[in-house]
Amino acid sequence: MKNLFKLISLLCFTGFLLASCEGPMGPAGKDGANGANGVDANETCKLCHNPEVVDAVAVQFELSKHNLGVVAEEEAGNTGCSPCHTQEAFKYVCENNIPSTFALNTTTGKYSNSYATIASAAIGNITCFTCHSSLHTTFEGTDFSPLTNSAAVSMTMWGGAKTINIAQQGGRANLCIKCHQPRPLTKSSSTSDGNVVDYVALAADPNAIFYDSSVGNAAPNVVIPSYRTHVHYGTVGAVFAGVGGVEFPGGDYGSSQHPAVASCEDCHMAAISGAAGGHTFWAKGNFNGCNATGCHTGVNANSDTFWKTPRADVKALLDELAAKINEVGGGTPILHSEPDAESNLWAGNTTGNWDGYLNIYDPSTNPGGVWRNPAQSNSWTAAQKATNAALPVFPSLTNGVMGAMINFQMCLREFSLGIHNTKYTKALLQNSIDVLSASV
């Protein structure tokens, strides 16, 4: 009897507890028959995620160099380089309108490039979200736009003093140029203030001494030559736009029609042909963009007027300018040559297979260098220092030679042998040749 009493008491207590936990009654629900139908999420996703749209793009993107991710991994954590090599850093500089100016630290008297990200954002392989900033917001086809950047691009090579703006098609080419532009050539932070080299001054006084070999790694030399004295690799944006080179007096620096009527995607994202076009971003061997409505007709790899002749002309000018630059070495080239196409992206674009680097000794990056490094590192071994000391002293450079080297790098590394902007390319090369012919 006691057990029965306990059981009844427990049940009563439990019922009371459950009743006490119950909240107030909610509002009456809608009649299911009369309520509005919801959106079928699966059907919305399939607007993009189908074989003709995203699935096709994903297959194309697998062939793109953007998809490799090797450099993104190498540059992860590097706040200065990652804005052009990692997704989150690129998104950061675009979202925050980071300027490409050089800021002066009034305490140290040194300049630093403002165009950088923060450490927590210096990461991420390039993906769809790098360029398409609105993906997965409405989950409809409109999410492909806007792009992460379509605004005019302030040139970091010029410390923000010059701007590139390819306005047609809503500035879509500016997305590409945001990264595919030259890096600045900066002054030494130990012998000078670390600011951008003044390209206007190089052009205005080509005979002035830029680097004095008798002084070497000390002031007043503002740049100490090394194997990697260069403006990096993405020079195509500047050359395509017809802006940014060291413009020595001479021939006309006008542009071809491309920057006025075309966009990067017209050729690099043209209708697929083999492994080129679309989201592969390759243009090599694909002339669909050239032959699009309103552009050229009948252009192919055998076309003289629009392909073979201009490329041959630019190659000849590159060869001639390289020879003029190398004359500074008195019989030993100062430019670095590399015939291996995997190591030199521009192998074959010059007869000498020049890659734009200087052939200065460095035990890690150029152990076969033939010129003495003016600024050997304290971290080198005794044997490496001895190797360096045994090499000939790297020669002095004038403003004209330095400016010509910049122009050589820009016109070699835009990759197309002048097709992007034949007129501007030829002017940079020919005027550099004329300056060196008059001074060297």
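This is a predicted model: local features need pLDDT of at least 70, side-chain atom pairs count only at pLDDT 80 or more; totals for chains, interfaces and linings use all residues.

User: What kind of aromatic pair do phenylalanine 287 and tryptophan 307 form?

Analyst: Phenylalanine 287 lies in the loop between α12 (264-268) and α13, while tryptophan 307 is in helix α13, so the pair ties together parts 20 residues apart in sequence. Tryptophan 307 is partly exposed, at a relative accessible area of 21%. The ring centres are 5.1 Å apart with 85 degrees between the planes, and planes over 60 degrees apart count as edge-to-face. The pair is therefore edge-to-face.

User: Which residue lies over the face of tryptophan 158?

Analyst: Tryptophan 158 is buried, as is tyrosine 199. These two form a tilted aromatic pair, 5.1 Å centre to centre and 45 degrees between the planes. Over the face of tryptophan 158, at 4.1 Å from the ring centre, lies lysine 162.

User: Which element gives the most to the largest nonpolar core?

Analyst: That core has 61 residues, and Tyr199, Ile325, Leu397, Ile406 and Phe408 have the most contacts inside it. Elements giving two or more residues to the core include α9 (199-204), α13 (304-326) and α15 (399-413). With nine residues, the element that gives the most is α15.

How values were computed: Residues are numbered from 1 along each chain as its sequence is written. Side-chain values use heavy atoms; hydrogens and water are left out. A nonpolar core is a set of buried Ala, Val, Leu, Ile, Met, Phe, Trp, Tyr and Cys residues joined through side-chain atoms within 4.5 Å. Buried means under 20% relative accessible area, exposed over 50%, partly exposed in between (1.4 Å probe, protein chains only). Helices (H or I, at least four residues) and strands (E, at least two) are DSSP runs, numbered from the N terminus. Rings of Phe, Tyr and Trp (its six-membered ring) pair if their centres lie within 6.5 Å; planes under 30 degrees apart count as stacked, over 60 as edge-to-face and the rest as tilted. A charge sits over a ring if NZ of Lys or CZ of Arg is within 6 Å of the ring centre and within 35 degrees of the ring normal.
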